[in-house]
Amino acid sequence: MRPLSPRELLLRDRLDLLYRSYGPETASGDPIVFPLQFEGPEDRAVVAWIATAFAYGRVATIQENVGRIVSALGHHPAAALGTVADFDAFAREHLHGFRHRFHSRQDAALLLFVIEEARRRSGSVRAFFECEYRPEERDVAGLLTRVVQKIAAFDYRPLLGRRGIPERSPARFFFPDPAQGSACKRWNLYLRWMVRRDALDFGLWTAIPTDRLVIPTDTHIHLVARRLGLTRRKSADWKTAREITGRLARFDPDDPVRFDYALCRIGIFGICHPELLRSRCGDCLAVEACPAGRRRIHAIVNAQPIRESKVKGQHRPGVRPSTLNIRLST
């Protein structure tokens with residue numbers, strides 16, 4: 001690997017600062033709070049699958065709907081799933097009126113059916129995923145494709161009255177395939193939680209190395225990555241997710257995805273906004289390594305007149321670059 005350039009060294013330092021600054025104390029609105037409620041590895045795996053499957057849309061909606069499903073499963077979600085004989089009846093009883101954007105209670109029932117079927121066939125959720133890992137593959141793309149193929153091959157007659165999931169069913173959204181170009185943000189988020197281990201992620205699936213993970217690329221990660229120069233690609237697809245992960249591997253080859261949570265916070269908290277003029281660049285810990293942010297800060301500084309103003313009969317300087325609390329080094 002070639003040595004890091006001065007700009008890359010600065011970016012590495014800023015990324016490390018972000019990683020240290022955004023920890024579990026900032027996770028109250030993140031769906032990871034749901035598996036954090038449980039201690040058992042299988043309970044965490046089940047709840048984390050549910051939480052990441054519905055990890056799209058408004059934060060409040062995710063919290064409400066994932067919370068409703070998890071609450072219906074009680075204190076031991078994995079064991080509770082094993083006792084469900086009729087998932088459609090379970091959803092009718094416990095999830096009446098459920099709606100998560102385009103997903104209904106029937107789609108939630110199908111997801112629960114898939115999770116329990118995976119457990120039944122492999123003995124655990126962990127085994128269902130880990131058995132598809134291949135050390136010769138560059139990342140988890142092949143693993144995810146094989147997982148999706150196994151799910152597609154399940155017999156859905158007990159739930160749907162037909163062998164397969166209908167082609168136009170919204171439930172197919174739960175099971176994206178990287179082979180079809182999808183960024184698979186929610187799959188990659190699930191794997192991040194289960195494979196990595198730190199103050200936030202669980203590190204329960206040790207057969208999958210952290211250097212094979214791919215960053216969960218949603219609109220927030222895509223925006224921040226483009227601003228930081230980690231990618232120039234305009235589509236948030238699998239190629240883009242791979243490219244961002246590869247750039248982050250320059251800074252941590254063994255665990256490039258560890259930066260995901262902190263980078264995503266910048267977007268979720270509105271610090272980095274799609275409209276640059278609405279971004280709070282002065283609050284961003286990575287602004288020194290962000291070309292777009294630096295240009296904006298320079299523009300603000302240059303446009304601000306340095307003038308004298310009277311305050312209670314005294315003169316004081318106007319706004320100067322130092323008041324932005326940002327070191328605008330070149």
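This is a predicted model: local features need pLDDT of at least 70, side-chain atom pairs count only at pLDDT 80 or more; totals for chains, interfaces and linings use all residues.

Trainee: Which residues line the second largest cavity?

Mentor: The lining is made of Trp49, Thr52, Ala53, Phe174, Pro176, Arg186 and Trp187. Helix α2 brings the largest share, 3 residues. By class you get 5 nonpolar, 1 polar and 1 charged.

Trainee: What makes it count as a cavity, and how much space lies in it?

Mentor: A cavity is a set of points where a 1.4 Å probe fits but cannot get out. About 40 Å³ of space lies in this one, and with a cut-off of 30 Å³ or more the model has 2 cavities.

Trainee: And the largest cavity, what lines that?

Mentor: There are 14 lining residues, with Ile266, Cys272, Cys281, Cys284 and Cys290 nearest the centre. The space is about 110 Å³, and the lining splits into 11 nonpolar, 2 polar and 1 charged.

Trainee: Back to Trp187. What does tryptophan 187 touch?

Mentor: Leaving out residues up to four places away in sequence, Trp187 touches Trp49, Phe129, Leu144, Val147, Val148, Ile151, Phe174, Phe175 and Pro176. In the largest nonpolar core, which has 104 residues, Trp49, Phe129 and Trp187 touch the most other members. Helix α6 gives the most to this core, with 9 residues.

Trainee: Now α3. How do you know that the span of helix α3 agrees with what it should be?

Mentor: Do the sum: at 1.5 Å a residue, the 15 residues of α3 (residues 59-73) should span 21 Å, and the end C-alpha atoms are 21 Å apart, so the two agree.

Trainee: Which residues of α3 are buried, and what covers them?

Mentor: Ile62, Asn65, Val66, Gly67, Ile69, Val70 and Leu73 are buried. The cover includes α2 (41-53), α4 (77-82), α5 (87-94), β1 (99-100) and α6 (105-122). Just after α3, glycine 74 takes a positive phi of about 80°.

Trainee: Is arginine 101 called buried or exposed, and why?

Mentor: Exposed means over 50% relative accessible area. Arginine 101 has 55%, so the label is exposed. Arg101 sits in the loop between β1 and β2 (103-104), and its phi is near 50°, a positive value in a residue other than glycine.

Trainee: What about cysteine 184, buried or exposed?

Mentor: Buried means under 20%. Cysteine 184 is at 2% relative accessibility, so it counts as buried. Cys184 also has a positive phi, about 55°, without being a glycine, and its place is the loop between α9 (157-160) and α10.

Definitions and conventions:
Residues are numbered from 1 along each chain as its sequence is written. Side-chain values use heavy atoms; hydrogens and water are left out. Helices (H or I, at least four residues) and strands (E, at least two) are DSSP runs, numbered from the N terminus. The expected span of a helix is 1.5 Å times one less than its number of residues. Buried means under 20% relative accessible area, exposed over 50%, partly exposed in between (1.4 Å probe, protein chains only). Contact means heavy atoms within 4.5 Å. On a 1 Å grid over the protein atoms alone, a cavity is a set of points where a 1.4 Å probe fits but cannot get out, and a pocket is an open set with protein on both sides within 12 Å along at least five of seven lines; lining residues have an atom within 4 Å of a point. Grid points are joined across faces, edges and corners, and a volume is the space filled by probe spheres set on the points. Ala, Val, Leu, Ile, Met, Phe, Trp, Tyr, Cys and Pro count as nonpolar, Asp, Glu, Lys and Arg as charged, and the others, Gly among them, as polar. A nonpolar core is a set of buried Ala, Val, Leu, Ile, Met, Phe, Trp, Tyr and Cys residues joined through side-chain atoms within 4.5 Å.
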